[in-house]
Amino acid sequence: MSIYRPFQKLVSITILGHAVDVPENNLVLRCFQFLAPDSLPYGSFCWNEQCQLCRIRYRSLGEGTERQALSCKLLVAEGMVITQLAPELRLHLMPLWER
Ligand code: FES
């Protein structure tokens, strides 16, 4: 059984200025796992809206307002722009762009 919710296509989002494609219909934290499958599962994430380690700031497509959210609770959407990652997320995602 897949850890991902069923998806037909990838959607494009931006994480700290980096364009990436991730599976539609999935939680943002799961999308982060899609990008860093060998690292993120070893993070201290509760996946249950309690630890707060998955916090992000983001803007939706066409919106100027920045919002804060728990990425384990938020569904990804085409054009999402993620502007801040909590330290635990940075630890697992930033190596993707530091190679
Ligand atoms: S993973 Fe713990 S609050 Fe989101």
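These legends describe close-up views of a predicted model.

**Figure 1. Overview of the fold.**
The protein holds two helices and five strands. Read from the N terminus, the order of elements is β-β-α-β-β-β-α. The C-alpha atoms fill a box of roughly 35 × 30 × 30 Å along the principal axes. Of the 99 residues, 26% count as buried. Take the contacts between residues at least 6 apart in sequence: 50% of them join residues at least 24 apart.

**Figure 2. The five-stranded sheet.**
Five strands make an open sheet with mixed pairing, in the order β2-β1-β5-β3-β4. β2 (18-23) and β4 stand at the edges. Each has a single partner strand, so one side of each lacks a neighbour in the sheet. On average, neighbouring strands are turned by 40 degrees against each other, direction ignored. α1 packs on this sheet and touches β2 and β3. The direction of α1 makes about 105 degrees with that of β2.

**Figure 3. The β1-β2 hairpin.**
β1 and β2 pair in the antiparallel sense, over six bridges. Together they form a hairpin, with two residues between the strands. L16 sits in the turn and has a positive phi of about 50 degrees. Along the pair, I13 stands opposite V20 in β2. I13 also belongs to the largest nonpolar core, where I13 is among the residues that touch the most other members.

**Figure 4. Pairing of β3 with β5.**
These two strands, β3 and β5, run antiparallel and share four bridges. Which residue of β5 is the bridge partner of R59? The partner is V81.

**Figure 5. Helix α1 and its packing.**
α1 is mostly covered, with six of its eight residues buried. Those buried are V28, L29, R30, C31, F32 and Q33. The buried residues of α1 pack against β2, β3 and α2.

**Figure 6. The largest nonpolar core.**
In soluble globular proteins, nonpolar side chains tend to be buried together. The largest nonpolar core here has 20 residues. Members that touch the most others are I13, V28, L29, F32, C54, V76 and I82. Two or more residues each come from β1 (10-15), α1 (28-35), β3 (55-59), β5 (81-85) and α2 (87-93). α1 gives the most, with four residues.

**Figure 7. Close-up of C54.**
C54 is one of the core residues that touch the most other members. What is C54 in contact with, leaving aside its neighbours within four places in sequence? The contacts are L29, F45, L70, S71, C72, A86 and L89. Of these, L29 is a buried residue of α1.

**Figure 8. Close-up of G79.**
G79 lies in the loop between β4 (67-70) and β5. Is G79 buried or partly exposed? A residue needs 20 or more C-beta neighbours within 10 Å to be buried, and 12 or fewer to be exposed. G79 has 13 inside 10 Å, so G79 counts as partly exposed. G79 is in contact with S12, I13 and L61, its neighbours within four places in sequence left aside. G79 and S60 are 19 residues apart in sequence, yet their C-alpha atoms are 6.6 Å apart in space.

How values were computed. Residues numbered from 1 in each chain as written. Predicted model: local features only at pLDDT ≥ 70, side-chain atom pairs only at ≥ 80, totals over all residues. Contact = placed C-beta atoms within 7 Å. Core = buried A, V, L, I, M, F, W, Y, C linked by C-beta atoms within 7 Å. Pairing = 2+ DSSP bridges. Axes fitted to C-alpha atoms, helices over the stretch in contact; angles between N-to-C directions.
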